[in-house]
Amino acid sequence: MSRLVTIEAYALRLPYCGFVEFVTQLGRGIARRSRELAEDYDLRFRFVVPKGKAGVFGPDVDYIEVTDADKASIEKRPDWQSDIYHVPTQYSTFRHMRRCRAKLVTVHDVNFVHNKHGLSLLLNWLRVRSRITSADYLAFISRYAMADTLAHYKLSAPRRVIYNGVADTMAAHEATPVDGLEAGHFLLHLSNMQPNKNVDLLVQMTDYLPESLGPLVLAGAWAHASDRLRRLATERPDRVIVVGSVSESQKIWLYRSCRAFLFPSQCEGFGLPPLEAMSAGRPAFLSGLTSLPEVGGDAAYYFHTLEPESMAADVVSGLARFDADPYAAARCRTQALQFNWDQCVDGYIQYYRDILS
């Protein structure tokens with residue numbers, strides 16, 4: 001009898017973010033191997049997707065389409081039972097899935113403990129606790145994410161680290177230029193613009209950078225930008241260009257064409273955008289906090305302090321070293337591409353098999 005692994009992919013309803021990339025790459029990788037896995041290990045896969053997303057990973061896996069209204073009652077469906085139910089983020093908003101032999105939860109981070117306070121902190125802590133303490137098995141996307149979670153929760157479930165992957169941005173065939181930008185003549189930041197990304201520090205840093213480096217380009221979820229960040233950017237129209245949300249092909253062009261990628265985040269479970277930029281051979285300037293040194297390694301550059309004037313000096317000196325080193329771009333690519341999605345998918349498939357055995 002075949003064994004069924006159900007994977008929640010409801011995050012596909014969100015705008016581009018790390019959760020969406022993770023679910024998308026996991027779904028694509030499993031779907032590519034689904035026939036082989038059915039023949040070799042008698043494994044069958046099913047994805048819980050938003051309404052209208054059935055078929056998103058192809059015809060060789062099954063789907064259940066759901067809406068927000070289904071969250072409280074979905075496990076009452078007569079066809080719901082699974083051997084494994086994989087919740088791919090600790091922020092899942094579905095009810096606990098009891099009708100399964102084993103529940104696996106992937107924990108990306110507990111960043112909220114570092115940037116929320118008071119009632120908001122308590123509510124987030126309780127919400128995440130209800131997800132991860134009900135898990136029979138846990139996966140973490142970095143060693144840092146696991147250590148940080150264990151520092152704030154008492155967990156006894158078996159666990160392992162399975163790193164996320166990074167798309168090879170140089171291997172992509174389509175790259176669409178962004179209007180108004182000159183290749184090789186801008187600095188880049190791409191994120192969800194949440195306060196923990198410290199984008200306001202980058203904007204202030206431009207006051208101390210030479211004009212020859214070009215403007216700072218801000219890409220991503222500008223709708224999430226704080227009023228303060230919007231004001232700081234508006235005050236520097238010649239130094240800061242906001243492009244907001246971009247397509248996948250535009251994102252690839254930005255990575256390939258930027259002078260450097262800047263990411264002074266104070267809370268990261270993994271750090272996907274810097275590695276995507278490094279896979280294009282571009283220098284990444286990162287904070288030395290949380291998981292970023294773990295994934296950036298010796299190939300990345302690090303801000304000594306998170307003070308705008310010091311950060312500017314680090315960028316200028318780091319770019320001088322990068323330009324003088326003929327092997328620097330290759331080291332960036334090598335570091336980034338050791339984290340690949342095929343290995344990530346293989347890691348989860350092996351985990352499913354271990355759980356079932």
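The backbone oxygen of Asn192 lies 3.4 Å from a polar atom of the His224 side chain. This is a polar contact, that is, a pair of N or O atoms within 3.5 Å; within protein, one must be able to donate a hydrogen and the other to accept it, and residues adjacent in sequence count only if both atoms are side-chain atoms. The model is predicted: local features need pLDDT of at least 70, side-chain atom pairs count only at pLDDT 80 or more, and totals for chains, interfaces and linings use all residues. Residues are numbered from 1 along each chain as its sequence is written, and side-chain values use heavy atoms, with hydrogens and water left out.

His224 sits in the loop between strand S9 (216-220) and helix H6 (227-234). Helices (H or I, at least four residues) and strands (E, at least two) are DSSP runs, numbered from the N terminus. His224 and Asn192 are 32 residues apart along the chain, and 6.8 Å separates their C-alpha atoms. Neighbours within four places in sequence aside, His224 is in contact with Asn192, Met193 and Gln194. Contact means heavy atoms within 4.5 Å. His224 counts as partly exposed, at 41% relative accessibility. Buried means under 20% relative accessible area, exposed over 50%, and partly exposed in between (1.4 Å probe, protein chains only).

Tyr327 is also a loop residue, found between helix H10 (308-324) and helix H11 (328-337). Tyr327 is exposed, with a relative accessible area of 58%. Its C-alpha atom is 9.9 Å from that of Gly281, 46 residues away along the chain.

The chain as a whole has twelve helices and 13 strands. Its radius of gyration is 21 Å, close to the 21 Å given by the globule rule for 357 residues, so the chain is as compact as a globular protein of that length. The radius is taken over C-alpha atoms, and the rule is 2.2 Å times the number of residues to the power 0.38. The C-alpha trace spans about 65 × 45 × 35 Å along its principal axes. Of the 357 residues, 54% are buried. Among contacts between residues at least 6 apart in sequence, 67% join residues at least 24 apart. The accessible surface comes to about 15600 Å², and carbon and sulfur atoms hold 50% of it. Accessible areas come from the Shrake-Rupley method with a 1.4 Å probe; for residues, only the protein chains shown count as cover.

Two strands pair if DSSP finds at least two bridges between them. Strand S2 (43-50) pairs with S3 in the parallel sense over five bridges. There, Val49 stands opposite Glu65 of S3. Axes are lines fitted to C-alpha atoms, for helices over the stretch in contact, and angles run from 0 to 180 degrees between N-to-C directions.

Six of the six residues of S4 are buried, so S4 is largely enclosed by the rest of the structure. Three bridges join S4 to S1 in parallel, with His86 of S4 the bridge partner of Ile7. Five bridges join S4 to S5, again in parallel. Ser82 stands opposite Cys100 in S5.

Thr106 lies in S5 (100-107). Thr106 is buried, with a relative accessible area of 0%. Its side chain makes a polar contact of 3.1 Å with that of Tyr348. Residues touching Thr106 from beyond four places in sequence include Phe22, His86, Ala139 and Tyr348.

A second open sheet has six strands in the order S10-S9-S8-S11-S12-S13, with parallel pairing. Its edge strands, S10 (240-244) and S13 (301-302), each pair on one side only. Strands S8 (187-191) and S11 (260-263) run parallel and are joined by two bridges. Leu188 has Phe261 of S11 as its bridge partner. Helix H7 (248-257) packs on this sheet, touching S8, S9 and S11, with its direction at about 140° to that of S8.
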